[in-house]
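Biologist: Could you take me through this model step by step, beginning with the overall fold and ending with single residues?

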Amino acid sequence: MKVPFLSFSPQHQPIREEIMTALGRVYDSQWYVLGQHVLDFEQAYSTFSGARYAVGVANGLDALHLSLLALGIGAGDEVIVPSNTYIATWLAISYVGATPVPVEPDPATYNIDPRRIEAAITARTRAIMPVHLYGQACEMTAIMQIARQHNLLVIEDNAQAQGASADGNLTGSMGHANGTSFYPGKNLGALGDAGAVTTNDEAVAEKIRTLRNYGSQRKYYNEVIGYNSRLDELQAAALSVKLHYLPEWTLQRQQVARWYDEQLAGIGDLQLPTTAEGSTHVYHLYVVRTAQRDALQQYLTAAEIGTLIHYPVPPHRQEAYAHLAIAEGQYPIAEELARTSLSLPMWPGMTIEHVAAVATAIRSFYAGA
């Protein structure tokens, strides 16, 4: 059986008429930027996230960038960030002139290890940016406690974990400002680029609204040097429809993960995902690990099973961050994850037959290895 890494069809086909109707309403309204559809989605998403405010922006990177700006983080500051994450997390810090200071993940969960954070704090540290990687909530109780003890700000990168929770608190509701992405492949995906900032601080929300719109609250009057980073009406309308289905899609992802757990248990050196106590996982990705990663990926490709590597090069080893002069081997856990991690197909609408086909192919690989 052919199993693509990602298929939108089981999500999009049943709601196609709703989406088209919503897009038609925007078309007919003749109001296409920062109108009622954005306001409605912002309210709905803030309620979903358990945060007082949500401000729609153009994409997830902008959400993190504007969050840092709104919190006053800039040149000379340091921000603690995972060594194992997508580079956008680091880029946002660089955009404001601050320095990313990597901290290694827990090798079991792949999320930043709270037990390693305090050793990275210096007199220049202003914030911690935990990333709820692959859909699992970080150990936020411990992270928030460290932040309070050292008077640090917290910016959650919630691009992959909408709806996850840590000790009962929803991701995107705990930090001082939190960025999320609605890139099409995310658990809540737009029909193009889109993002949002969530916060419980009214002043921060107001700063984000100003920064996203050329630094202006009143047309043609600009209080600060701002940006053009607005969630448009068409994306907001589509997201409002899809948000209604997100809890159901999350349950489907979690069921697929349980099937994988059952069918992949005890195979060779394959390491399956682990969830930290008190955290929940919404499985944006189902990531396994093996020393034979590249060979396994090639075998699955030949069997018409799609996979991806998240991520083949850690940020500190990217050419873009060569100026930090971080030597190979300085962050061995992130580098080991980059060598051994493989993301298996994961999407709402996958059936147990899809999972069985993936598991059968993996067992066949190990039988012949």
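Predicted model: local features only at pLDDT ≥ 70, side-chain atom pairs only at ≥ 80, totals over all residues.

Modeller: Residues are numbered from 1 along each chain as its sequence is written, and side-chain values use heavy atoms, with hydrogens and water left out.

Biologist: What is the radius of gyration of the protein?

Modeller: The protein has 12 helices and 13 strands, where helices (H or I, at least four residues) and strands (E, at least two) are DSSP runs numbered from the N terminus. The globule rule, 2.2 Å times the number of residues to the power 0.38, is compared with a radius taken over C-alpha atoms. For 369 residues the rule gives 21 Å, and the protein comes close to it, so it is as compact as a globular protein of that length, with a radius of gyration of 21 Å.

Biologist: What percentage of the 369 residues is buried?

Modeller: Buried means under 20% relative accessible area, exposed over 50%, and partly exposed in between, with a 1.4 Å probe and protein chains only. By that criterion, the buried share of the 369 residues is 57%.

Biologist: Where in H9 does the kink lie?

Modeller: Helix H9 covers residues 233-264 and reaches 43 Å from its first C-alpha to its last, close to the 46 Å expected at 1.5 Å a residue, the expected span being 1.5 Å times one less than the number of residues. A bend is the angle between axes fitted to the seven residues ending at a residue and the seven starting there. In H9 the kink is about 45° and comes shortly before the proline Pro247, at Tyr245.

Biologist: Which residue caps the N-terminal end of H9?

Modeller: A polar contact is a pair of N or O atoms within 3.5 Å; within protein, one must be able to donate a hydrogen and the other to accept it, and residues adjacent in sequence count only if both atoms are side-chain atoms. Here the backbone nitrogen of Leu234 lies 2.9 Å from a side-chain oxygen of the capping residue, Asp232.

Biologist: Is Ser173 buried or exposed?

Modeller: Ser173 sits in the loop between strand S7 (169-170) and strand S8 (177-181), and a polar atom of its side chain lies 2.5 Å from the backbone oxygen of Leu170. Leaving aside neighbours within four places in sequence, Ser173 has contacts (heavy atoms within 4.5 Å) that include Ser49, Glu156 and Asn200. Its relative accessible area is 13%, so Ser173 is buried.

Biologist: Does Ala325 count as buried or exposed?

Modeller: Tyr110, in the loop between strand S3 (99-103) and H6, has a phi near 75°, a positive value in a residue other than glycine, and at 5% relative accessibility Tyr110 counts as buried. Ala325, in the loop between H10 and H11, has a positive phi near 55°. Because its relative accessibility is 63%, Ala325 counts as exposed.
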